[in-house]
Amino acid sequence: MNVPALVLGAILGAVIGAPLRALVRPHIAWLEKRSRRTWKVDPLIQHCECVLHAPNIAVGYIGTLVTACMMVLSKVACGVERRMLVVTGPSGNVGAELTDLLCSRTMGSWRVASRRPELMADRVAASGGQSVRFDFFDSSTWSAALEGIRELFLLFPLPGNKAARTAILPFLQAAEKAGCRHVVYVSVFGADKAGFIPHHKIEQALFKSSMTWTVLRCSFFMQNLFRSISTHGEDIARRGELFIPAGNGRTTFIDARDAAAVAVEALLHPGRHHNTVHHLTGPAALTMNEVAESLSVHLGSAVSYTKPSLPRFAGRLRRRGVGWDSIGFMSAVYSLTRLGLNQPITGDVERLLGRPPRTLDDFLADQSWRFAGRSWT
Ligand SMILES: NC(=O)c1ccc[n+]([C@@H]2O[C@H](COP(=O)([O-])OP(=O)(O)OC[C@H]3O[C@@H](n4cnc5c(N)ncnc54)[C@H](OP(=O)(O)O)[C@@H]3O)[C@@H](O)[C@H]2O)c1
């Protein structure tokens, strides 16, 4: 039963019914007098009232229906407005590819949060997205980045335990408070077991939060070969040298585009990936000698792996002005490779994307121009 319609109908009926009675009664009396017989006044009035009630009730019903529709529509509108997908690190290995993928898809509201938002503002705006200034280490920039958030792509630049404590964990709490429901987080292999890795703390905080999460534990990105911060591209292009302190260890290089493709799936379909850890690797575990051979083929000039020690590596990068935090982080990653801890291969990329992950040769076939053009990212 539609109670609001009935109530509205009854009120209108009562309001109109009283004057109606007053109006009809003298006429009935006159009719009775003239015809010398008794008229059944009440059924007549009731009939008239019913006739008047019917449209009132109908109006009540329509009013209720319109109100309900407006409530549903406003809820939907609010939902669309609040469904803000926020991408941190949009210029990084995975973030840049993810931003490209999001730009090429028609989707709801989304935003990149970057220390240099002006660099991607036009491209993002063309696909309906926003670009805001954001720094993990400047909490005054957080609220603009988190406004209306529902999904978060979280990336921890240059992870360190102090940064985890002072910036990333508080930022995660701020996201939760701002209404974030799902977080896709880029992590590393072994973060579940090794408590000293900063990623471990972030993962644990996510698991304990009220938000759902997808953790992408990624192997080594192929894109590191031409990141300006690594300076590997300089060594490869200028000296024909792969200058990485990884000994004879093997690495399951992954193309960041594959990791980004998985991230998009997890962000746009959180229900299918909620509270899940994916282990993302490329299809093969390669030694640095094998990487140098592939580079030689695709660059058309000899590249050799010179197997530097950690101090030599650190010294050269320091002379180039690379910060100690970056050198320390890279040294830790390459030491794990040296120890054989970066070589597991999983089938997660193929399972999730329905196609095999790109090989290093696939990657170099369409990215080797970067070395010739010194186009570092
Ligand atoms: N590299 C790998 O092979 C690899 C493999 C597995 C997992 N991971 C993990 O992935 C994460 C990212 O590593 P990555 O090497 O891919 O990094 P990256 O490509 O260098 O990306 C770092 C991103 O973070 C942004 N950023 C830096 N400092 C920031 C700050 N204070 N506030 C806001 N944004 C900031 C940078 O943007 P701007 O400089 O433009 O502001 C950049 O977009 C790390 O947690 C790493 O452990 C890396």
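## The chain as a whole

Of the 377 residues of the protein chain, 36% count as buried; a residue is buried if 20 or more other C-beta atoms lie within 10 Å of its own, exposed if 12 or fewer, and partly exposed in between, with C-beta atoms placed from the backbone. The model is a predicted one, in which local features need pLDDT of at least 70 and side-chain atom pairs count only at pLDDT 80 or more, while totals for chains, interfaces and linings use all residues. Residues are numbered from 1 along each chain as its sequence is written.

The secondary structure of the protein chain consists of 16 helices and eleven strands. Two residues are in contact if their C-beta atoms, placed from the backbone, lie within 7 Å. Among contacts in the protein chain between residues at least 6 apart in sequence, 78% join residues at least 24 apart.

## The largest nonpolar core

A nonpolar core is a set of buried Ala, Val, Leu, Ile, Met, Phe, Trp, Tyr and Cys residues joined through C-beta atoms within 7 Å. The largest such core has 80 residues, of which Val-86, Phe-153, Tyr-185, Leu-216, Ala-259 and Ala-263 touch the most other members. Helix α9 (residues 256-268) supplies the largest share of this core, nine residues. At least three residues of the core come from each of domain 2 (83-218) and domain 3 (220-255 + 284-377), the domain bounds being taken from an automatic or database domain assignment.

Which residues does Ala-259 touch, not counting residues up to four places away in sequence? They are Val-94, Leu-216, Cys-218, Ile-254 and Leu-280. Ala-261 is found in helix α9 and is buried, because 20 other C-beta atoms lie within 10 Å. Not counting residues up to four places away in sequence, Ala-261 touches Leu-101 and Leu-353. Ala-261 and Val-94 are 167 residues apart in sequence, yet their C-alpha atoms are 9.1 Å apart in space.

## An enclosed helix

Helix α3 (residues 93-103) is largely enclosed by the rest of the structure, because eight of its eleven residues are buried. The buried residues of α3 are Asn-93, Val-94, Gly-95, Ala-96, Glu-97, Leu-98, Thr-99 and Leu-102. Their cover includes the strands β1 (84-88), β2 (110-114), β4 and β5 (182-188), together with the helices α4 (121-126) and α9.

## A pair of packed helices

Two packed helices are described by the angle between their axes and the distance between the axes. The axes of helix α11 (residues 288-299) and helix α15 (residues 360-367) come within 10 Å and cross at roughly 35°. Axes are lines fitted to C-alpha atoms, for helices over the stretch in contact, and angles run from 0 to 180 degrees between N-to-C directions.

On the side of α11 the contact is made by Val-291, Ser-294, Leu-295 and His-298, and on the side of α15 by Leu-360, Asp-361, Leu-364 and Ala-365. These contact residues divide into five nonpolar, two polar and one charged. In this division Ala, Val, Leu, Ile, Met, Phe, Trp, Tyr, Cys and Pro count as nonpolar, Asp, Glu, Lys and Arg as charged, and the others, Gly among them, as polar.

## Positive phi in two loops

Most residues other than glycine have a negative phi, and most peptide bonds are trans. Leu-158, in the loop between β4 (149-154) and α6 (161-177), has a positive phi near 40°. Leu-158 is partly exposed, with 13 other C-beta atoms within 10 Å.

Lys-307 also has a positive phi, about 45°, although it is not a glycine. Lys-307 lies in the loop between β11 (304-305) and α12 (310-319) and counts as partly exposed, with 16 C-beta neighbours inside 10 Å.

## Further individual positions

Gly-271 has its place in helix α10 (residues 270-273). With 7 C-beta neighbours inside 10 Å, Gly-271 counts as exposed. Gly-271 and His-182 are 89 residues apart in sequence and 9.2 Å apart in space, C-alpha to C-alpha.

Thr-287 is found in strand β10 (residues 286-287) and counts as partly exposed, with 17 C-beta neighbours inside 10 Å. Leaving out residues up to four places away in sequence, Thr-287 touches Asn-248 and Arg-250.

Terms used:
Helices (H or I, at least four residues) and strands (E, at least two) are DSSP runs, numbered from the N terminus.
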